[in-house]
Amino acid sequence: MQVINLLTSVSSQLNDQRPTAPFYRWTQTMLMSYMNTGISAITQVRQDAITYPPQTVTLVPGSEQSLPPGISSVFGFVGPGGPLVEYDNFTAAIPDDPCVVPVYVDCDGVEMAYNPLGYVLNGITPTFKIYPPVPDSSSPYTIKVTGNPGPYINSSQTLYVSDRYIPHLEAWMLYKALLIDMESSSSAQASATQYKIFKDLLYG
């Protein structure tokens, strides 16, 4: 499915697909922003909603590395021996057992960590280290990174969301779209109804 297919479906449910002026009340940009926040809300609970293929990263000895291109948030790291555990600091690492470690930076005198499982912060891509940097091996050590490719910015992009979760995403988008008419009691009620549908689908 492409992003435009979802946008058109939601726009039609909002009765905003006019023959001469589609996306008149709710533009594609607006609907796409609702879609991106909806994907974020869903993946906080259901990471299996994302169908983006795992990306391969080759570890570089002693280096600090960024998330692979196309992934804005990470769900997990998997090495040849299985999932890599995420630790909060180096002292928790087990010798010769690779694990993911957030990179700590100093910001205005305040120590803060860029969590490798978190989203891009202030336009800065989170970075991570592997401890030990690379296991003893004569061949390159690669890991698989699974995550979310968003945010989407173009309606022609492929939407990497499982069909199973499209109803969840549509309900979220309708909830957000109807919020802009909160002065109308009918729109407010319709928005609340869509939010309830979203929660029931996600947690039911």
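A salt bridge here is a side-chain nitrogen of Lys or Arg within 4 Å of a carboxyl oxygen of Asp or Glu. With that in hand, take Asp48 and Arg164: they form a salt bridge whose closest N and O atoms are 3.7 Å apart. Asp48 sits in the loop between α2 and β1 (55-58), while Arg164 sits in the loop between β9 and α3, so the pair ties together parts that are 116 residues apart in sequence.

A quick word on the ground rules. This is a predicted model, so local features need pLDDT of at least 70 and side-chain atom pairs count only at pLDDT 80 or more, while totals for chains, interfaces and linings use all residues. Residues are numbered from 1 along each chain as its sequence is written, and side-chain values use heavy atoms, with hydrogens and water left out.

**The overall layout**

The protein has four helices and nine strands. Starting at the N terminus, the elements run α-α-β-β-β-β-β-β-β-β-β-α-α. Helices (H or I, at least four residues) and strands (E, at least two) are DSSP runs, numbered from the N terminus. Of the 204 residues in the protein, 41% are buried. Buried means under 20% relative accessible area, exposed means over 50%, and partly exposed is in between (1.4 Å probe, protein chains only). If you look at contacts (heavy atoms within 4.5 Å) between residues at least 6 apart in sequence, 69% join residues at least 24 apart.

**The salt bridges**

The structure holds three salt bridges. Here they are side by side:

| Pair | N to O distance |
|---|---|
| Asp181 and Arg25 | 2.7 Å |
| Asp48 and Arg164 | 3.7 Å |
| Lys196 and Asp200 | 2.8 Å |

Asp181 is in the loop between α3 and α4 and Arg25 is in the loop between α1 and α2, so this pair ties together parts that are 156 residues apart in sequence. Asp181 is buried, at 15% relative accessible area, whereas Arg25 is partly exposed at 34%. For the pair we opened with, Asp48 is partly exposed at 44% and Arg164 is exposed at 57%. Lys196 and Asp200 both belong to helix α4, four residues apart, or about one turn of the helix. Asp200 is partly exposed, with a relative accessible area of 43%.

**Helix α4**

Helix α4 (residues 185-203) has 19 residues and reaches 27 Å from its first C-alpha to its last, close to the 27 Å expected at 1.5 Å a residue. That expected span is 1.5 Å times one less than the number of residues. Its buried residues are Ser187, Ser191, Gln194, Phe198 and Leu202. They cover an arc of only 65 degrees around the axis, which puts them on the same side of α4; the arc is that of the directions from the helix axis to the C-beta atoms. Those buried residues pack against α2 (28-43) and α3 (166-178). On the face turned away from the buried side you'll find the exposed residues Ser185, Gln189, Lys196 and Tyr203.

A nonpolar core is a set of buried Ala, Val, Leu, Ile, Met, Phe, Trp, Tyr and Cys residues joined through side-chain atoms within 4.5 Å. The largest one has 41 residues, and Leu31, Met35, Leu159 and Met173 touch the most other members. α1 (3-13), α2, β3, β9, α3 and α4 each supply at least two residues of this core, with α3 giving the most, nine residues. Leaving aside neighbours within four places in sequence, Leu31 is in contact with Leu7, Val10, Ser11, Leu14, Phe23, Trp26 and Met173.

**Strand β3**

Six of the seven residues of strand β3 (residues 73-79) are buried, so β3 is largely enclosed by the rest of the structure. Two strands pair if DSSP finds at least two bridges between them. β3 pairs with β9 (residues 142-148) in the antiparallel sense over five bridges, and Gly76 has Thr146 in β9 as its bridge partner. β3 also runs antiparallel to β4 (residues 82-83), joined by two bridges, with Gly79 opposite Gly82.
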